[in-house]
Amino acid sequence: MDNNLKSKTYDELIELAAACGQKAFTAKYLFTFIHQKDAADIQDITPLSKAFRQKLTDDGYTISGIELLEKHDDPDGTIKFVFELADSARIEAVRLKDGKRNTLCISTQAGCRMGCKFCATGQLKFQRNLTAAEIVDQLYQVEKYCGKIHNVVYMGMGEPLDNFDNVMASVSILNDENGRNIGIRHITLSTCGLPQQIRQLSTSPLQPRLAISLHAPNDTIRKEIMRVAAKHSLHDLMTALKSYQSVTNKRITMEYCMIDTINDQVHHAKELIRLLRPLKVNVNLIELNPFAGCPYATSSNNQIRRFAQTLTDAGIETVIRFKRGQTIKAACGQLGATWLKDKE
Ligand code: SAH
Ligand code: SF4
């Protein structure tokens with residue numbers, strides 16, 4: 001059981017307070033002190049009675065966070081933060097700046113089980129799921145250096161939907177008006193596409209934005225570059241997405257990493273247009289970011305533009321995402337890349 005109070009949603013704290021014979025407002029003190037005032041110790045929540053604070057401690061509850069190990073600045077304004085967890089596992093988070101707005105890319109697992117061939121994190125050994133506290137604390141630690149975070153993208157290390165409950169608890173905590181109060185439309189979950197969890201998400205009371213790491217217009221290519229495609233076909237994924245959209249009516253972002261000759265030809269774009277026709281989507285074309293041992297090369301700028309134009313001409317809203325945070329290995333798919341180099 002996760003005894004860290006920082007992992008508990010507001011509703012869970014209400015239940016906990018009630019189980020201890022406390023009034024509901026004590027839960028509000030607990031939540032605001034932990035998630036707004038960054039209390040690091042139960043004893044610091046002074047509006048609670050001494051007896052209740054002692055009971056929580058006696059019952060084994062704590063408030064703990066993650067430790068900042070390193071901070072790397074890229075000349076383009078991107079900052080990468082390296083954190084150590086209580087069991088020495090390491091994770092990374094990345095702050096991106098868009099004008100005055102801060103976006104934070106956070107991790108959900110130490111390593112990743114999905115093993116996509118083009119992703120550095122996928123080459124690391126999977127260690128474990130992060131707790132909700134370890135997920136939200138990335139934001140609290142980064143805010144100490146960068147000020148308010150406006151947007152959160154679950155696009156760091158790990159597969160968010162493979163850690164569904166803790167990820168959704170963290171979304172609830174970040175969104176809560178008694179905590180950081182980050183608008184749900186400013187929170188994006190990115191997934192390699194797990195159909196069952198996508199269905200589960202569609203009926204969740206919280207509806208963050210959804211991004212799908214598609215990366216291929218057909219199963220043959222997808223299977224070659226993403227292990228998850230052997231388990232879940234594009235047909236299954238598209239069926240789950242149609243059902244998600246019929247329930248939520250929300251637009252879905254499709255992420256498509258441009259890999260030289262593998263998936264970047266005009267005939268691939270045409271196949272992609274046919275695949276996406278039944279859905280309301282926009283497409284982000286991402287330049288492939290290299291890492292040591294990556295078996296693929298980045299598409300040329302011309303190839304990326306040609307691909308984008310083909311999609312745009314078919315009426316699909318398409319944006320090209322060029323590399324950011326290159327010098328510090330903070331770009332998409334590079335998290336954990338420096339540890340891979342250490343391994344060699
Ligand atoms: N596991 C989730 C979220 C983390 S990956 C997912 O796969 O969606 C965040 C994004 O970076 C995904 O779209 C992923 O496919 C992409 N990505 C992974 N490796 C990359 C690389 N080497 N270059 C560019 N993008 C990459
Ligand atoms: Fe995991 Fe996402 Fe990387 Fe695939 S792209 S290995 S799902 S983090």
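In this predicted model, the side chains of Arg-128 and Glu-134 form a salt bridge, with N and O 3.0 Å apart, and Glu-134 is buried, its relative accessible area being 10%. Arg-128 also meets the side chain of Asp-87 in a salt bridge at 2.6 Å, N to O. Asp-87, at 43% relative accessibility, counts as partly exposed.

A further salt bridge joins Glu-143 to Arg-180, with 2.9 Å between the closest N and O atoms. Glu-143 lies in helix α5 (residues 132-146) and Arg-180 in the loop between α6 (164-175) and β8, so this pair ties together parts that are 37 residues apart in sequence. Glu-143 counts as buried at 16% relative accessibility, and Arg-180 counts as buried at 13%. Asp-38, Glu-143 and Arg-180 are linked in a network of salt bridges, and the count for the structure comes to eleven salt bridges.

| Salt bridge | N to O distance |
|---|---|
| Asp-87 and Arg-128 | 2.6 Å |
| Arg-128 and Glu-134 | 3.0 Å |
| Glu-143 and Arg-180 | 2.9 Å |

Of the 29 residues lining the largest cavity, Phe-118, Cys-119, Met-155, Ser-213 and Gly-333 are the closest to its centre. The lining divides into 16 nonpolar, eleven polar and two charged residues, and α4 (120-123), β8 (187-191) and β10 (252-258) each supply at least two residues to it.

Notes: Residues are numbered from 1 along each chain as its sequence is written. Chains are lettered from A and ligands numbered from 1 in the order in which they are written. This is a predicted model: local features need pLDDT of at least 70, side-chain atom pairs count only at pLDDT 80 or more; totals for chains, interfaces and linings use all residues. Side-chain values use heavy atoms; hydrogens and water are left out. On a 1 Å grid over the protein atoms alone, a cavity is a set of points where a 1.4 Å probe fits but cannot get out, and a pocket is an open set with protein on both sides within 12 Å along at least five of seven lines; lining residues have an atom within 4 Å of a point. Helices (H or I, at least four residues) and strands (E, at least two) are DSSP runs, numbered from the N terminus. Ala, Val, Leu, Ile, Met, Phe, Trp, Tyr, Cys and Pro count as nonpolar, Asp, Glu, Lys and Arg as charged, and the others, Gly among them, as polar. A salt bridge is a side-chain nitrogen of Lys or Arg within 4 Å of a carboxyl oxygen of Asp or Glu. Buried means under 20% relative accessible area, exposed over 50%, partly exposed in between (1.4 Å probe, protein chains only).
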